[in-house]
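Here are my notes on the model, for you to read alongside the coordinates.

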Amino acid sequence: MSKKQIQEGSNWIDKAVCVRRVTKVTKGGKRFAFSAFVVSGDQKGNVGIATGKGRDVSAAISKATARAHKQLVAIPLRNTTIPYSVEGRHGACKVVLCSASKGTGIIAGSAVRAVMEALGIKDILTKALGAPNNINVVKATLNALAKLRSAEHIARLRGKTIKEVLQGTENVAA
């Protein structure tokens, strides 16, 4: 995506998942700064994550947001949910994502919820297991989402039509 497309898009969601105060100890004393971890998405299946550091909170968040806009990953969606259930890991953290029927809502913790809202997913069931570190939870969520494949891609791999691949899944997460 070009910078012009990013600036024109009014439906961008930028969520600061965690902001931390970091300290650098020097000969003259302690120097304080801030580290921000941001999730950014266009609500159309593209999401990016990044960290930024600055002397104040707003500078750290703006740097992280600018980096997240440059590191977008496309995720295949199926209406308002994901095509099928998937599991992702990062470090000691494990995240389970399950597709849900329309009207379920986002059943998730704060870190996973930020990613789902940025992606534009409206109905999903999630569970984060293991370490509660928000950064690892977000990375495990992206690991799970990276495993998803679109119906077109699966049909191409199997040498079938999209209709043949989707046969029997009409009632599941429609």
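1. Val96 stands opposite Lys127 in strand 8. Strands here are DSSP E runs of at least two residues, helices are H or I runs of at least four, and both are numbered from the N terminus.

2. Before going on, some housekeeping: this is a predicted model, where local features need pLDDT of at least 70, side-chain atom pairs count only at pLDDT 80 or more, and totals for chains, interfaces and linings use all residues. Residues are numbered from 1 along each chain as its sequence is written, and side-chain values use heavy atoms, with hydrogens and water left out.

3. Back to the sheet: strand 6 (residues 93-99) and strand 8 (residues 124-130) run antiparallel, joined by 7 bridges. They belong to an open, mixed sheet of 4 strands in the order 5-6-8-7; two strands pair if DSSP finds at least two bridges between them. Strand 5 (86-90) and strand 7 (106-107) are at the edges with a single partner strand each, so one side of each has no neighbour in the sheet.

4. Helix 4 (residues 134-146) has 13 residues and spans 18 Å from first to last C-alpha, close to the 18 Å expected at 1.5 Å a residue (1.5 Å times one less than the number of residues). Buried residues in helix 4 include Ile135, Val138, Leu142 and Leu145 (buried: under 20% relative accessible area, 1.4 Å probe, protein chains only).

5. On confidence, pLDDT (the predictor's confidence in each residue, from 0 to 100) averages 88 over the chain, and 90% of the residues score at least 70.

Technical notes:
Buried means under 20% relative accessible area, exposed over 50%, partly exposed in between (1.4 Å probe, protein chains only).
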